[in-house]
Amino acid sequence: SKRLLVYEYMPNGSLENLIFGAQSQRRPGWDERVRIALEIAKGILYLHEECEAPIIHCDIKPQNILMDEFWTAKISDFGLAKLLMPDQTRTITGARGTRGYVAPEWDKLNIPISVKVDVYSYGIVLLEILCCRRNIEVHVSEPEAALLSNWAYKCFVSGQLNKLFLWESVDNKTSVENIVKVALWCIQDEPFLRPTMKSVVLMLEGITDIAIPPCPNSSYV
């Protein structure tokens, strides 16, 4: 007569702890970070396109990505999620999410939001996974590096992506450049410029080519 809600036990905590928290001494290597990023992308793709009705998570961030016993990433905390009708692509709702991960359109009144808000948040998380640092850092060697999303674009256009990984040497330079390009496409200010999560997965898997992204932020100099 009573129902019980059972959650899967996730013994390895959150992605936040793994990449820049108390467990940072077990900082995952490049290949493992790429694997984790792809797992998250596939999880969001499932929510957006493979459920009976699309689900906008609205709060994609490292704290809401949990790691199971095999260090597999799984999306959690659907408290802010928005369920769409099967034939619905956009909806109007109050601002949701966490500062630093919310898409620019959340700040505009009466502007419908779509699954592209999750794509934006994923782009920020992707950069954080790649660089093992938070999007906003006060104590950095160069003032320009305080905001990771802007710093990543600057390093990309100047051909100095190695500045993003001063603590690590990554042999596959092409992989680094391609994944940074994916992240930069995801964090475009304009939702229509952001790829779908299906396109993100295909790009991360190396199945489709990745064009050179424009500057994500129109106000960035």
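**View 1. Arginine 194 and glutamate 105 meet through their side chains in a salt bridge, 2.7 Å from N to O.** A salt bridge here is a side-chain nitrogen of Lys or Arg within 4 Å of a carboxyl oxygen of Asp or Glu. The pair links distant parts of the chain, 89 residues apart. Arginine 194 sits in the loop between α5 (173–186) and α6 (197–204). Glutamate 105 sits in the loop between β5 (90–91) and β6 (113–114). Helices (H or I, at least four residues) and strands (E, at least two) are DSSP runs, numbered from the N terminus. Arginine 194 is buried, at 2% relative accessible area. Glutamate 105 is buried as well, at 5%. Buried means under 20% relative accessible area, exposed over 50%, and partly exposed in between (1.4 Å probe, protein chains only).

The model is predicted: local features need pLDDT of at least 70, side-chain atom pairs count only at pLDDT 80 or more, and totals for chains, interfaces and linings use all residues. Residues are numbered from 1 along each chain as its sequence is written, and side-chain values use heavy atoms, with hydrogens and water left out.

**View 2. Glutamate 8 and lysine 74 form one of the 10 salt bridges in the structure.** The N to O distance between their side chains is 2.9 Å. Glutamate 8 lies in the segment before α1 (15–20) and lysine 74 in strand β3 (residues 73–75), so the pair ties together parts 66 residues apart in sequence. Glutamate 8 is partly exposed, with 48% relative accessibility. Lysine 74 is also partly exposed, with 30%.

**View 3. Glutamate 144 is joined to lysine 154 by a salt bridge between side chains.** The N to O distance is 3.4 Å. Glutamate 144 belongs to the loop between α3 (116–131) and α4 (148–157), and lysine 154 to helix α4, so the bridge ties together parts 10 residues apart in sequence. Glutamate 144 is partly exposed, at 43% relative accessible area. Lysine 154 counts as partly exposed too, at 30%. Elsewhere, salt bridges that share partners join Glu8, Asp68 and Lys74 into one network.

**View 4. Proline 11 is found in the segment before α1.** Its relative accessible area is 37%, which makes proline 11 partly exposed. Proline 11 touches Met67, Asp68 and Glu69, not counting residues up to four places away in sequence. Contact means heavy atoms within 4.5 Å. Proline 62 lies 51 residues from proline 11 in sequence. In space the two prolines are 16 Å apart, C-alpha to C-alpha.

**View 5. Tryptophan 30 and phenylalanine 165 form an edge-to-face aromatic pair.** The count comes to one aromatic pair. Rings of Phe, Tyr and Trp (its six-membered ring) pair if their centres lie within 6.5 Å; planes under 30 degrees apart count as stacked, over 60 as edge-to-face and the rest as tilted. In this pair the rings are 5.6 Å apart, centre to centre, with 85° between the planes. Tryptophan 30 lies in helix α2 and phenylalanine 165 in the loop between α4 and α5, so the pair ties together parts 135 residues apart in sequence. Both residues are buried.

**View 6. Histidine 48 is found in helix α2 (residues 30–50).** Histidine 48 is buried, at 8% relative accessibility. Residues up to four places away in sequence aside, histidine 48 touches Pro54, Ile55, Val115, Asp118 and Met197.

**View 7. Helices α5 and α6 pack at an angle of about 170°, their axes 10 Å apart.** They are therefore roughly antiparallel to each other. Axes are lines fitted to C-alpha atoms, for helices over the stretch in contact, and angles run from 0 to 180 degrees between N-to-C directions. Angles under 35 degrees count as roughly parallel, over 145 as roughly antiparallel, 65 to 115 as roughly perpendicular and the rest as oblique. From α5, Ile179, Val182 and Cys186 make the contact. From α6 come Val200, Met203 and Leu204. The contact residues divide into six nonpolar, no polar and no charged. Ala, Val, Leu, Ile, Met, Phe, Trp, Tyr, Cys and Pro count as nonpolar, Asp, Glu, Lys and Arg as charged, and the others, Gly among them, as polar.

**View 8. Cysteine 186 is found in helix α5.** Cysteine 186 is buried, at 0% relative accessibility. Neighbours within four places in sequence aside, cysteine 186 is in contact with Val119, Tyr120, Tyr122, Gly123, Arg194, Pro195 and Val200. Threonine 196 is 10 residues away along the chain, and the C-alpha atoms of cysteine 186 and threonine 196 are separated by 8.7 Å.
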